Amino acid sequence: RRAMQISSKLFNEQQVRQFGKLNENIQDLQERVASGNNIIRASDDPVAAVRLSAAREQKQILERFQNNAEVAQGRLELGDQTLQQSINVLTRITELTTQAGNGIYDGFSIDAILTEIDQLSETVLDLANTRDAQGQSLFSGFNTANVAFVKEPDGSITYNGDRGVHALQISENMNVATSVDGGSAFMRVPTDNGPKGIFDVINEAKNAIRSTVALSDVGNAQSNARLNFVLPEKPQSWSFSLAGAKGSVDVKTTAESGNLQKIVDDINIHTPATGITASVEADGKTIKLSDSESGNISIRGIQIKGQDGADSEVLSKLEFTPIDESGKAVGSTRSLADVDQLLGTNLENMRAAMDHLSLQQTRLGAYGTKATVQLEALTTRTMVITKDISKINDADLAQLVTTLQAQLTNRDAAQQAFAKIGQQSLFDFIR
């Protein structure tokens, strides 16, 4: 019988290869235990690796949407706070404007009020130029790097942004606005004379305060009154409410210096409705009004075409003086001007500005609700995907440790056996 012969060299090479594979398996198990992951390389489970890659990519997308939603929330909250602070400042300006019309303030007090309004106006400008945590302008539209509002050398404020609305993507098919454009928020306050900028509203309120001591909103006289029109060189289109014993009408006329007959004629057209008759006085510079029933004569609500706000200087006005039959003044003269020059109108514009900013706040609140709801949905979706990733990739540590321990025991036993066999020689077999 012939015995099979195995050389020591071949035996050794086989054992080394087996030990290498065994060590590779042990190293793979150690990596899984250390990382807690079941898939270290795509070759471990190609199908599961593809699913894992897709799930991780989807999770990254959701995390990016979550970050955008959180950034949007931050910008919207900052925008809401900024608009509320602006409303608070406008409220204070309204209070000061009301105080100026009380009639108890002297020139020094009026100047003090105007000085405070100047400072408050600067505060509104600073608020309108608020930037977020990333240094981006809240109210400059898409031009977030620009200062939203710029003060020109003449003191006027211009908008330096665009009409775009900055937005962020918060889902695969949803964006959310993170602010409102400053052109709408601060430059388009609805008034009876059309949209106005908040800074123009404040400036016109200041002009009205300057002229408030000299102006009245209505002129009243019993039976007779004298009208003295203070006019610029160019003719103006005037309208005003004229009331007498018989009734009230709206008079429309052309007021031109040196040509009072046109005004007289336009008043007398309405004599049957008012009982008031107008005539040019002997000096040719004034008009006399007489009520046929010796009733009260009043003029109010003057509107001058082309004047859409309070001017710094009153160039056009009507001086209304109560007189007796002989023409002697029997009451104080009241100066009447365009309603836009009066405090009442400018107070209405200030309230309109505050209402307008409140509307912008409402929009920001709606955007914020949208971001919050979507953030909650994203959180739920992220939790679901995280669980899927865990199911695919999380290793069973107890099983891995048991397998690793068994592999280590097998390797140690095999190494000991190999070492013992390697110590034997031919003489050990022939003894």
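Predicted model: local features only at pLDDT ≥ 70, side-chain atom pairs only at ≥ 80, totals over all residues.

Reader: What makes the contact between Asp132 and Arg75 a salt bridge?

Author: The closest N and O atoms of Asp132 and Arg75 are 2.5 Å apart, and the term asks for a side-chain nitrogen of Lys or Arg within 4 Å of a carboxyl oxygen of Asp or Glu, so the pair qualifies as a salt bridge. The structure holds ten salt bridges.

Reader: Which parts of the chain does the pair of Asp132 and Arg75 tie together?

Author: Asp132 lies in the loop between α3 and β1, while Arg75 belongs to helix α2, so the pair ties together parts that are 57 residues apart in sequence.

Reader: Why is Arg75 called buried?

Author: Its relative accessibility is 2%, and buried means under 20%, so Arg75 falls within that class. Asp132, with a relative accessible area of 8%, is buried by the cut-off of under 20% as well.

Reader: How do you know which class Arg381 belongs to, buried, partly exposed or exposed?

Author: Arg381 has a relative accessible area of 31%, which lies between the limits of 20% and 50%, and therefore Arg381 is partly exposed. Its salt-bridge partner is Glu172, at 2.9 Å from N to O, and Glu172 is partly exposed too, with a relative accessible area of 42%.

Reader: And what are the classes of Arg226 and Glu281, whose side chains form a salt bridge?

Author: Arg226 has a relative accessible area of 21% and is partly exposed, whereas Glu281, at 17%, counts as buried because the cut-off is under 20%. The closest N and O atoms of this pair are 2.6 Å apart.

Reader: What makes β9 and β10 a pair of strands?

Author: Two strands pair if at least two bridges are found between them, and β9 and β10 have five bridges, so they count as paired, in the antiparallel sense. Val280 stands opposite Ile287 in β10.

Reader: Why are β9 and β13 called edge strands?

Author: The open sheet of five strands has the order β9-β10-β6-β12-β13, with antiparallel pairing, and β9 and β13 are its edge strands, since each pairs on one side only. From one strand to the next, the twist averages 25 degrees.

Methods
Residues numbered from 1 in each chain as written. Heavy atoms only, no water. Helix = DSSP H or I, 4+ residues; strand = E, 2+ residues; numbered from the N terminus. Buried < 20%, exposed > 50% of the residue type's maximum accessible area, 1.4 Å probe, protein only. Axes fitted to C-alpha atoms, helices over the stretch in contact; angles between N-to-C directions.
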